[in-house]
Amino acid sequence: MNALAQSAPLAGERREELRRRLLALGFDVVRFASAAPAGGAALRAWFAAGMHADMAWMERTVEKRGDASLVLEGARSVIVLGVNYRGSDALETRIENRKSPTENATWARYALHEDYHDTIKPGLGAAGRVLEEFCGVAATDYRYYTDTGPVLERGFAARAGVGFRGKNGLLISREFGNWLFLSAILTRVAIEPDAPLRPDVARASGDEPAGLLCGKCTRCVEACPTAAIVAPGVVDARRCISYQTIENKGAIPRGLRAGIGARVYGCDVCLEVCPWNRFAREGRKTLLVAREELTELTLRELLEMTPERFAAVFRRTAVKRLKLSGLLRNACVVAGNSGDGSLVPQLVKLAAHELPLVRAHAVWAARKLAGEQAGELLAAARAAEADATVLAEYE
Ligand code: SF4
Ligand code: SF4
């Protein structure tokens, strides 16, 4: 049997020294959890109800998400690392004072950085080397993930006392509010776990209930523009703007478009209304590269975006994975919601775009903004249209 399987847990001052060394790499939170299997009942119910939409890759890994030893055989501990990504005070002021969507479309805060998967990864690599050196283990004795693997970072984070799962389904820290990127290192090294926020509740139920420290608050549930939070801690991805504007590669259901408002990429509504953000402060950006200037792009600029400009502006950001077609689709929806008739020429041009996805959303938006004149303005595009999904937008 591997000697690690029988070794005594790292504890006391040695454990604190490991924590200090990991924090020194630029992480804002380092806490330890046991790798014991979780109940996973809530997650399985979520999949069974189809709330994961078409994210089948998530469903395929449901068993692994509940049991770390299926990801790394012999895993005994999970090191949970958090990076504070709250925006600058200047950004927060700008968001609070935002004007019409015509001037500035709204972006989820996480997108206003270079892709965090890429910038946090070197920190995780360094954390692995610390583990090797400090605990005398091999590179095969741990695995790390940041939102990219079959690991339920939020579950382990709650177990380690990083925070609690809010009614918005997110991990909420008393110190950093809703603004933590979470990573996890699964390891065969046994480390004495940190306590969850409410050990009594966690022990009694196995899975910690959502909303542990929410009290009577229901702000996120009420504020969600598309009523996607269907029960405490349960978000129906099919109704969620984050899913629809980022993960969904097809058409955005017509019934949800108005709720998207000015959100061109992701949605922070259920995060930003949460009172637990009151203690959050600007992130140190040691493992992040801010791209807050993206908020200065006007909606008109987005609608006129060329492939070359898209590649240059969104280089190294998560937005590039959406591709120009996805961004144009979203920008059309935001334009349709803006009430700004001066955007109609851009939309009429996009109604003749090479991709039916873009054409369909451009037609929807142009018809909303141009009213009775839409028929005349879109006549040429309609005469040339052969795609059934686009033609349906004319009806
Ligand atoms: S991200 Fe937006 S749409 Fe999704 S649940 Fe939160 S508030 Fe609702
Ligand atoms: S907004 Fe209120 S209900 Fe929602 S997660 Fe925050 S504290 Fe909980």
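**Glu-247**

I began with Glu-247, which I found in helix H10. The model is a predicted one, and I read it as such. Is Glu-247 buried, exposed or partly exposed? I counted 17 C-beta neighbours inside 10 Å, so Glu-247 goes down as partly exposed. The cut-off for buried is 20 or more. I then checked Glu-247 against Arg-321. The two sit 74 residues apart in sequence, and their C-alpha atoms are 9.6 Å apart in space.

**Ligand 1**

I listed the residues around ligand 1. Among them are Cys-224, Cys-240, Cys-267 and Cys-270. Asn-168, Thr-226 and Ser-242 are also in the list. How many charged residues does this shell have? I found no charged residues, with 9 nonpolar and 3 polar ones.

**Two positive phi angles**

Ala-227 has a phi of about 50°. I placed Ala-227 in the loop between helix H9 (219–223) and strand E8 (229–231). Ala-227 has 13 C-beta neighbours inside 10 Å, so I logged it as partly exposed. Lys-323 has a phi of about 70°. I found Lys-323 in helix H15, residues 323–338. With 15 C-beta neighbours inside 10 Å, Lys-323 is also partly exposed.

Next I took strand E7. Why do I call E7 largely enclosed by the rest of the structure? Because 8 of its 8 residues are buried. I sorted them by direction. Leu-180, Leu-182, Ala-184 and Leu-186 point one way, and Phe-181, Ser-183, Ile-185 and Thr-187 point the other way.

I followed the pairing. Strand E2 (residues 77–84) runs antiparallel to E7, joined by 8 bridges. I found Tyr-142 opposite Thr-187, and Tyr-145 bridged to Ala-184.

Which face of E4 is covered? I have Tyr-142 and Tyr-144 on the covered face. Arg-143 and Tyr-145 are on the uncovered one.

**Domains and core**

I checked the division of the chain. Domain 1 takes 3–85 + 116–205, and domain 2 takes 297–388. Their centres, over C-alpha atoms, are separated by 41 Å.

I then opened the largest nonpolar core, which has 110 residues. Val-80, Ala-331 and Leu-347 touch the most other members. Helix H17 (residues 356–370) gives the largest share, 9 residues. Where does this core lie relative to the domains? Domain 1 and domain 2 both give residues to it, so I place it between them.

I ended with Ala-331. I set aside its neighbours within four places in sequence. What remains in contact with Ala-331 is Ala-105, Val-264, Leu-299, Leu-302 and Leu-303.

Notes. Residues are numbered from 1 along each chain as its sequence is written. Chains are lettered from A and ligands numbered from 1 in the order in which they are written. This is a predicted model: local features need pLDDT of at least 70, side-chain atom pairs count only at pLDDT 80 or more; totals for chains, interfaces and linings use all residues. A residue is near a molecule or strand if its C-beta atom, placed from the backbone, lies within 6 Å of it. Ala, Val, Leu, Ile, Met, Phe, Trp, Tyr, Cys and Pro count as nonpolar, Asp, Glu, Lys and Arg as charged, and the others, Gly among them, as polar. A nonpolar core is a set of buried Ala, Val, Leu, Ile, Met, Phe, Trp, Tyr and Cys residues joined through C-beta atoms within 7 Å. A residue is buried if 20 or more other C-beta atoms lie within 10 Å of its own, exposed if 12 or fewer, and partly exposed in between; C-beta atoms are placed from the backbone. Helices (H or I, at least four residues) and strands (E, at least two) are DSSP runs, numbered from the N terminus. Domain bounds come from an automatic or database domain assignment. Two residues are in contact if their C-beta atoms, placed from the backbone, lie within 7 Å. Two strands pair if DSSP finds at least two bridges between them.
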